[in-house]
Amino acid sequence: MISFICADGIYPESRALLILALKDMAEKNVNFVDAYLAALAGNQEEAICSFEVDFQKLGVKWVAPPGYM
């Protein structure tokens, strides 16, 4: 996928975030959506509020919803 994203004629909105998400997905065994949301939140210095504990693996500030744990 990374070679496709970097191919001539392909202009994703944020190539760097997509590449980071794909690498995190492969290296940290999380799904792509979580990896992309973590990359986006990290880029914007924001936290993620989610029931998904995989965000702990992704180095982004993760907040569990009230009453979750």
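D54 counts as buried, at 18% relative accessibility. The cut-off for buried is under 20%, so D54 falls inside that class at 18%. This is a predicted model. D54 has a charged partner: K57 forms a salt bridge with D54, and their closest N and O atoms are 3.5 Å apart. K57 itself is partly exposed, with a relative accessible area of 41%.

**Charge pairs**

How many salt bridges does a search of the whole structure find? The search finds two. One is the D54 and K57 pair. In the other, the side chains of D24 and K28 meet, also as a salt bridge, at 3.5 Å from N to O. D24 and K28 both belong to helix α2, residues 15–28. They are four residues apart there, so about one helical turn separates them. D24 is buried, whereas K28 is partly exposed. Side chains of opposite charge can pair when their charged atoms come close.

The residues of the two bridges have these accessibilities:

| Residue | Relative accessible area | Class |
|---|---|---|
| D24 | 8% | buried |
| K28 | 30% | partly exposed |
| D54 | 18% | buried |
| K57 | 41% | partly exposed |

D34 sits in helix α3, residues 32–43. D34 is buried, yet it has no salt bridge. Why is there no salt bridge for D34? A salt bridge needs a nitrogen and an oxygen within 4 Å. The nearest side chain of opposite charge to D34 is K57, and K57 is 8.7 Å away. What does D34 contact, leaving aside neighbours within four places in sequence? The contacts are E52, D54, F55 and L58.

Setting aside residues up to four places away in sequence, A35 touches A21, D24, M25, V30 and L58.

L37 lies in helix α3. L37 is partly exposed, with a relative accessible area of 39%.

How values were computed: Residues numbered from 1 in each chain as written. Predicted model: local features only at pLDDT ≥ 70, side-chain atom pairs only at ≥ 80, totals over all residues. Heavy atoms only, no water. Helix = DSSP H or I, 4+ residues; strand = E, 2+ residues; numbered from the N terminus. Buried < 20%, exposed > 50% of the residue type's maximum accessible area, 1.4 Å probe, protein only. Lys, Arg positive; Asp, Glu negative; His and termini not counted. Contact = heavy atoms within 4.5 Å.
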